[in-house]
Amino acid sequence: MAKILLMDDDGSICEYVELILADAGHDVTIASDGFKGMEAFKSKHFDLVIVDIFMPEMEGIETIQELARLDKCLPIIAVSGGISDRYPLDYLNMAKKFGAQITLRKPLRSEELKFAVHECLHLPSSERGNPFP
């Protein structure tokens with residue numbers, strides 16, 4: 001069982017992810033934005049963090065950079081609804097450059113999420129963390 005921190009401002013996504021991961025035996029803590037997520041991260045040990053790219057208070061890219069700075073071996077999954085007219089850049093690619101090991105596009109699919117979590121938790125430590133120390 002892994003301790004997973006989920007940072008997402010969409011309550012329905014949080015419920016969905018928590019249900020899937022709890023069913024797989026994981027302990028999930030939810031934070032509704034990057035700021036609250038960082039507070040949770042600093043107060044408790046987590047084996048994996050899942051970060052939404054677009055959140056209030058502290059955006060996902062900024063959050064991923066801070067997480068990678070604090071723990072270079074922390075596995076991170078970045079999630080996003082993808083490219084839109086409002087957000088024309090591919091922020092998931094940017095997330096990988098700043099420390100996310102795996103990226104997933106919303107809507108999330110149960111099997112894809114479980115596979116990504118399993119893969120991240122079983123990465124050798126040499127493949128984890130920020131590629132820019």
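Asp33 sits in the loop that links β2 (27-31) to α2 (34-43); helices (H or I, at least four residues) and strands (E, at least two) are DSSP runs, numbered from the N terminus. This is a predicted model, in which local features need pLDDT of at least 70, side-chain atom pairs count only at pLDDT 80 or more, and totals for chains, interfaces and linings use all residues. Residues are numbered from 1 along each chain as its sequence is written, and side-chain values use heavy atoms, with hydrogens and water left out.

**Asp33 and its partner**
- With a relative accessible area of 5%, Asp33 is buried (buried means under 20% relative accessible area, exposed over 50%, partly exposed in between; 1.4 Å probe, protein chains only).
- Neighbours within four places in sequence aside, Asp33 is in contact with Met7, Met55, Pro56 and Glu57, where contact means heavy atoms within 4.5 Å.
- Asp33 also meets the side chain of Lys36 in a salt bridge (3.9 Å, N to O); the term requires a side-chain nitrogen of Lys or Arg within 4 Å of a carboxyl oxygen of Asp or Glu.
- Lys36 is partly exposed, at 43% relative accessibility.

**Other salt bridges**
- The structure holds eight salt bridges.
- Side chains of opposite charge can pair when their charged atoms come close.
- Glu66 pairs with Arg69 in a salt bridge, with 2.7 Å between the closest N and O atoms.
- Glu66 and Arg69 are separated by about one helical turn because they are three residues apart in helix α3 (residues 60-70).
- Arg69 counts as exposed, at 53% relative accessibility.
- Lys114 and Glu111 form a salt bridge through their side chains (3.1 Å, N to O).
- Lys114 and Glu111 lie three residues apart in helix α5 (residues 110-121), so about one helical turn separates them.
- Lys114 is partly exposed at 29% relative accessible area, while Glu111 is exposed at 56% relative accessibility.

**Negative surface patch**
- Asp9, Asp10, Glu59 and Glu62 gather in a surface patch of negative charge (patch residues have over 30% relative accessible area and no salt bridge; like charges are joined within 9 Å, nonpolar side chains (Val, Leu, Ile, Met, Phe, Trp, Tyr) within 5 Å).
- Asp9 belongs to the loop between β1 (3-7) and α1 (11-23) and is partly exposed at 40% relative accessibility.

**Tyr91**
- Tyr91 is part of helix α4 (residues 91-97) and is partly exposed, at 22% relative accessibility.
- Beyond its neighbours within four places in sequence, Tyr91 is in contact with Ile53, Phe54 and Ile61.
- Tyr91 and Phe54 are 37 residues apart along the chain, and their C-alpha atoms are separated by 9.3 Å.

Notes. Areas by Shrake-Rupley, 256 points an atom, 1.4 Å probe, with all protein chains shown as cover. Lys, Arg positive; Asp, Glu negative; His and termini not counted. Charge placed at Lys NZ, Arg CZ, Asp CG, Glu CD.
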